[in-house]
Each structure stands twice: as C-alpha cells, then as structure tokens.
Amino acid sequence: MATSPVYPMYPPNSGEGVLRHPHWWQLRWVRYGALITLLALSGLVILALVRRETGTEGFLVGLGLAVLPVPWLITAFRWLDRVAPFPWRNLVFAFCWGAFAAALIAIVANSFATRWIATSTADPASADTLGATVIAPIVEESAKAAAVLLVFLFRRRDFTGIVDGMVIAGITATGFAFTENILYLGTAFGTDRLTGGHGVVSVTAATFFVRIVMSPFAHPLFTTCTGIGFGLGALYGARGRARRVLIPLGGLLLAMCMHALWNGSATFGQYGFLAVYGTFMLPAFGLLTWLAIWTRQRELRTVREELPAYVLAGWLGPAEPFALGSMRARRMARDYARHHAGRPTARSVARYESCATALALLRQRGRRGRAGADFVVRERELLNELWQRREAARPALEYAARTAAPAPARTAWAPAPYGHAYVTGPGYGYGHGYAQGPGHGYGYPAAPYPSYNPYRG
C-alpha cells in the first residue's frame with residue numbers, strides 16, 4: 001500500500017514548515033465576535049426599519065405570516081444536505097446573513113437608487129419600475145451571494161460541490177425572503193386598516209397568497225443559481241482559476257436575470273404575472289429540483305464507488321460502503337444506535353457517516369486531479385475521525401447493511417448488541433472487487449492497526 005504523502009505535510013498555520021503565531025485579527029474568537037456583532041446590529045437596524053414602515057401591529061402580523069414557509073424551506077434544504085451535511089453554524093450564519101445583513105443592504109441601496117433615479121428623471125413611476133426590474137435584482141442577488149462567497153472562502157473544506165452551493169444559497173435566500181415578507185405583509189395589513197379591507201378580498205390576503213402560497217420558493221430559486229455556480233467552481237479545486245471565477249459570476253448573472261424577469265412580470269400586461277409563473281417559474285423550479293435530487297444520488301453513488309479502497313486498506317468494514325451509500329441504511333444505522341446505546345452514540349454514528357462521505361468526495365477529487373495541496377492532511381484527519389468512532393458505528397452500519405440489502409445478498413450473520421462480540425458469516429462483503437494500484441492517482445494509508453479485525457471479539 002502506498003503510504004508516502006503526495007504533498008508535504010506542514011503545520012496548519014505554517015508558511016513553509018515554520019510555525020507562525022497568528023495576528024490578533026486571525027484569532028477565532030475575534031472573528032466570531034466580529035461576525036456575531038455585525039449580524040446582531042444588522043438585525044436590530046433592519047427590524048427597526050421594517051417596524052417603522054409597517055407599524056407595530058403590522059410588523060407583528062407580517063412576522064406571524066412570514067414565518068410560515070420558513071420551516072418547510074429549511075427542512076427541504078436540510079433533506080438535500082443529508083448526504084454530507086453542513087455544520088449547523090454555517091446554516092445559521094447563512095440564514096442570519098440573508099435575513100439581516102442582505103436585507104439591510106437591499107432596503108438601503110434600493111431606496112437610495114430609486115430616489116436618485118426619480119430625482120434625476122423627474123418621473124417617479126419610471127423610477128419605481130426601473131428600481132424593481134433592474135436595481136433590485138442586482139442589489140439583492142449580490143447581497144445574498146456575499147454569504148455564499150464567505151462560506152466558499154472561509155469554510156472551504158465544508159464546501160465541496162453543487163449540493164453545498166445550493167443549500168447555502170437556498171438557506172440565505174430563505175432568510176432574505178422571510179424579512180422581505182414581513183415588510184410586504186405588514187404594509188398590506190396597514191393598507192387594509194386604512195381602506196377597511198378584510199377577508200379574502202383584502203390586500204393582506206392577496207399578498208399572502210402570492211408570496212407565501214404561490215411563490216415561497218422564488219428567492220431560493222434565484223439564489224440557488226448563484227450557489228450552483230460556486231458549487232461548480234468548488235469542483236475544479238486549485239486548478240482552472242479562470243473557471244472558478246467565471247462560473248460563479250455566470251451563476252450570479254443568471255440569478256439576476258431570473259429575478260428581473262419575475263419582478264418585471266407585473267409590467268407585461270394583465271396576465272403577465274401568470275404567464276411568467278406558469279411558463280418560466282414552475283418549469284425552472286422543477287428543473288432545479290430534479291438537478292438537486294440527481295446530484296444527491298450522484299454523491300451517494302460516489303460513496304459506494306470510492307470507499308471500497310479504504311475497506312481494502314483496513315479502515316472500513318466490508319459492508320460499510322453499501323450502508324453509507326444508502327440513505328435508508330444510514331437512517332437505520334442511526335436508529336439502531338439510538339435504540340441500543342442512546343442518543344450520544346447515534347450522534348457519533350451520524351458524524352461517522354458524514355466523515356465517510358467527505359472522505360469519498362475528497363478521494364474522488366484526488367483521482368480527478370482536483371484536490372488541494374492539503375489532500376493528505378485532510379484525508380488523514382477524516383480517517384482518524386472514522387477510527388475514533390468505529391466501535392460505535394460499525395455494529396450499527398453492519399446491521400443496516402444486512403437489513404437494507406436485497407434478499408439474495410443477505411447472509412446468516414447478525415450483529416450483537418453494543419458491547420458484545422459479533423462475527424460475520426462467510427461470503428458477505430461489498431459486491432465487487434476494488435483493485436489497488438497506481439492507476440487511482442492517490443495512495444491510501446493502511447489502518448493504524450493492520451492486524452485489527454473488527455469482526456472478531
């Protein structure tokens with residue numbers, strides 16, 4: 001087995017092997033503190049501005065109605081992210097950036113630009129139209145894209161492909177739409193208070209139907225194009241720098257164009273909105289949904305194809321690639337661990353699954369020549385995390401593999417409960433051979449204890 005590193009292994013914060021002390025602004029607590037302060041101040045300011053526009057009662061009504069689609073959208077993106085889940089802190093940052101920072105940038109920039117155009121042209125109606133169809137898409141999509149860019153730059157290890165880009169972009173846009181809906185619904189409620197509108201014919205009801213029922217996916221749909229661009233850029237690794245810049249910019253431009261078409265649909269005549277909704281928005285939503293599901297299945301296939309190399313090296317059990325490449329088996333493994341050993345063990349199994357997926361995706365990039373200079377260091381970190389959790393994860397994964405496998409592939413063995421020895425029957429293993437040799441591009445080290453057999457007591 002190849003054990004020599006492909007790249008030199010330097011300390012994480014070193015330049016050329018010489019340890020350097022970080023400056024004060026590079027300290028983690030300083031960065032986290034600054035980010036939390038920025039988001040908190042942005043939240044206070046944007047909520048105060050929205051309350052000033054809608055009034056306290058309108059703000060509360062808008063808040064209560066705007067929150068309704070948020071759990072469903074976040075659940076959908078979390079489902080998409082189950083193969084290689086983002087850490088919660090990244091998702092919380094994305095949502096808060098969209099709801100507070102991006103919304104604040106948008107409301108200030110849009111108001112300033114619209115007023116400037118109205119003053120310059122002496123035509124407020126044209127200024128409003130231009131602001132909605134040109135200024136707002138550029139400002140809002142750029143503000144939301146900033147969150148995707150920050151995660152791409154500063155959480156690069158977590159940002160590995162298209163699904164990651166779609167999830168971060170979608171969560172950011174969900175936060176942005178949440179704050180924007182408070183403003184629109186609160187303003188509509190204030191209008192109804194002045195005009196006496198109520199019931200299903202009220203402005204509030206119409207606004208709720210259009211923004212919450214018909215198009216809660218609008219902002220996530222636009223910004224997901226930006227996320228796909230960044231996801232494609234991440235796939236190229238350190239190579240193809242021009243593509244890593246141009247593809248995300250292309251995704252951002254597409255998001256702006258889609259946003260502009262959606263905002264401009266009201267100017268296309270009496271049925272312009274319905275025409276754009278039926279002929280463009282719904283097909284685009286269906287296409288991106290299909291792309292998300294297809295990409296998710298492709299990641300699972302990568303897990304099944306790449307992990308047998310580590311079975312051969314002794315890091316994983318023979319049934320684990322199958323179990324880790326099936327969402328049903330992974331869920332069964334977590335449930336088994338929770339039932340027999342409690343929630344902490346189930347969380348350890350979930351972490352094991354996440355690290356194994358990251359390892360498979362890392363090795364795929366390495367074989368394609370798209371891994372970064374820290375490939376060996378990152379691979380070793382992931383392998384060590386797997387090894388530390390093997391005692392908790394392997395019984396659960398073996399059980400899930402046996403239970404979820406097609407009937408002809410099952411054998412007569414069954415794992416014993418946690419804390420007991422268990423043995424495997426003859427012939428069970430991954431269904432195909434996986435040759436080891438120089439053709440894969442990257443070597444993989446042997447497990448730290450080659451004589452260790454996880455299937456002996």
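**Helix α13 and its neighbours**

Helix α9 (residues 272-306) and α13 pack with their axes 9 Å apart, at an angle of about 80°. Axes here are lines fitted to C-alpha atoms, for helices over the stretch in contact, and angles run from 0 to 180 degrees between N-to-C directions. The two helices, α9 and α13, are therefore roughly perpendicular to each other; that term covers 65 to 115 degrees, while under 35 is roughly parallel, over 145 roughly antiparallel and the rest oblique.

Before going on, the ground rules. This is a predicted model, in which local features need pLDDT of at least 70 and side-chain atom pairs count only at pLDDT 80 or more, while totals for chains, interfaces and linings use all residues. Residues are numbered from 1 along each chain as its sequence is written, and side-chain values use heavy atoms, with hydrogens and water left out.

Back to the packing. On the α9 side, Glu299, Thr302, Val303 and Glu306 meet residues of α13 including Thr357, Leu361 and Arg367, where contact means heavy atoms within 4.5 Å. By class, this contact of α9 with α13 has three nonpolar, three polar and four charged residues. Ala, Val, Leu, Ile, Met, Phe, Trp, Tyr, Cys and Pro count as nonpolar, Asp, Glu, Lys and Arg as charged, and the others, Gly among them, as polar.

The protein chain has 15 helices and zero strands; these are DSSP runs, helices being H or I with at least four residues and strands E with at least two, numbered from the N terminus.

What of α13 itself? Helix α13 takes in residues 343-367, and at 1.5 Å a residue its 25 residues should span 36 Å, which agrees with end C-alpha atoms 36 Å apart. The expected span is 1.5 Å times one less than the number of residues. In α13, 18 of the 25 residues are buried, meaning under 20% relative accessible area, with exposed over 50% and partly exposed in between (1.4 Å probe, protein chains only). Just after α13, Gly369 takes a positive phi of about 75°.

The other partner is α14. The axes of α13 and helix α14 (residues 375-388) come within 9 Å and cross at roughly 155°. That makes α13 roughly antiparallel to α14. Among the α13 residues in this contact are Tyr352, Leu359 and Leu362, and among those of α14 are Phe375, Leu382 and Leu386. By class, the contact of α13 with α14 has 10 nonpolar, one polar and five charged residues.
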